[in-house]
Amino acid sequence: MPVKRTILITLKGYPRLSETFIAQEIRALEQRGLALRLASLRRPTDKTVHPVHREIQAPVSYLPEYLYREPLRVLRAWWRLRRRPRYSEAWRAWLKDLRRDFTPNRGRRFGQALVLAAELPDDVGHLHAHFLHTPASVTRYAALLTGLTWSCSAHAKDIWTTPDWEKREKLADAKWAVTCTAVGRDHLQGLSPAGKPVTLIYHGLDLRRFARSERPAPAAPVIILSVGRAVPKKGYGDLLQALAALPSDLGWRFVHVGGGPLLRELKDLGERLGLRDRIEWRGAQPQEQVLALYRQADLFVLASRIADDGDRDGLPNVLMEAQSQAVAVLATRTSGIPELIDDGATGMLVEAGDSLALARGLETLIREPALRQRLGEAGRCRIEAQFDMERGIDLLMDRFRPQAGSAAEPTCESRSMPR
């Protein structure tokens, strides 16, 4: 009988309000019987957490975020590993990468990998990275140092801002890789060695957490909701321009949920456009409060676009979350979004960066409550039929099970929601 082994998952930061999809996946894997540990490259900065974070049982270790802050920890790790047979292979791999990416971040990745490998508990049998950029680098170097296998889940920014040479080599080294959009899968498959598939696994939505509630009757003003970090790829500048272009006779309010580095700049833009009295900036919120806002909203909008550095969304979970509550969705034809939204059937799509088209879509949905209801109901049906999280977890379990040894049978606790 093979011994059950622990999977260690490397994350860039944990816990994070903006990465609910990762937290729900970790909890679901635990409920299926996987023994997990988490390693985070950064400590949390959010002031609150989602309920799912409180349910996760996996212990978390934090690697040195900056090596100069924990020099003795890094030195001890190096001293412990320096004479091991695999150290030279890992060192050569890192030097090869450093020559092509001569940055402090590259140096930090190897230092974090040293600590991860040196402090790795004996029960860990496989390493897994969420995101193909920094977390995968640390995980890859740690795998070389320890001789363990590793795998990766790629998402959005990590796919489109990582150099092709780096993606190609990581995909060759990893035992397997998955990603969450067809467009991302197709791109990575073109870089992966022949005969080594990159698998599409949609994150999906935990419909137990997003149980549908009764929709409020249409009323004025129409509540427009958006949930997303204030970063360039979310297109909030385009959205504010679209709101400013709406006819003056329309009754609406815009509610934004999320933090991010551009938040102050967006607030200033809203002021200059004369929108101050129509916008509520709620900041980052825990999931239960966001769910309440979905249930109050009349329509949801996300103006995603490709940022100047190539960063872009994958398939934003907030769109699925809104549709789970039968909220009509207006979004842009960017990245994996058309894989979820069928324009005119389960939502409305416009071209990214076209604020006038966005304004026309908003006006149509504000003026036509029957259309909002039809699109919202169709979106909910699509989520239930094709984007239930359990399908993706089944596929992930198929991949993790060989690395986990004899996976435990689901317990009674794992078959139902935690209290």
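**Close-up 1. Strand 9, helix 11 (residues 263-272) and strand 10 form a right-handed β-α-β unit in this predicted model.** A crossover counts as right-handed if, with the strands pointing away from the viewer, the path from the first strand over the helix to the second runs clockwise. Helices (H or I, at least four residues) and strands (E, at least two) are DSSP runs, numbered from the N terminus. Strand 10 (residues 279-281) pairs with strand 9 in the parallel sense over 3 bridges; pairing requires at least two DSSP bridges between the strands. Glu-280 of strand 10 is the bridge partner of Val-255.

**Close-up 2. Strand 9 (residues 252-257) beside strand 8.** Strand 8 (residues 222-227) pairs with strand 9 in the parallel sense over 6 bridges. Val-255 in strand 9 stands opposite Leu-225. From strand 8 the chain crosses through helix 10 (residues 236-244) to strand 9, in a right-handed β-α-β crossover.

**Close-up 3. Lining of the largest cavity.** Its 16 lining residues include Glu-25, Ile-201, Tyr-202, His-203 and Leu-396, which lie nearest the centre. Lining residues have an atom within 4 Å of a cavity point, on a 1 Å grid over the protein atoms alone; at cavity points a 1.4 Å probe fits but cannot get out. Helix 17 (389-404) supplies the largest share of the lining, 4 residues.

**Notes.** Residues are numbered from 1 along each chain as its sequence is written, and side-chain values use heavy atoms, without hydrogens and water. Local features need pLDDT of at least 70 and side-chain atom pairs count only at pLDDT 80 or more, whereas totals for chains, interfaces and linings use all residues.

Methods:
On a 1 Å grid over the protein atoms alone, a cavity is a set of points where a 1.4 Å probe fits but cannot get out, and a pocket is an open set with protein on both sides within 12 Å along at least five of seven lines; lining residues have an atom within 4 Å of a point. Buried means under 20% relative accessible area, exposed over 50%, partly exposed in between (1.4 Å probe, protein chains only).
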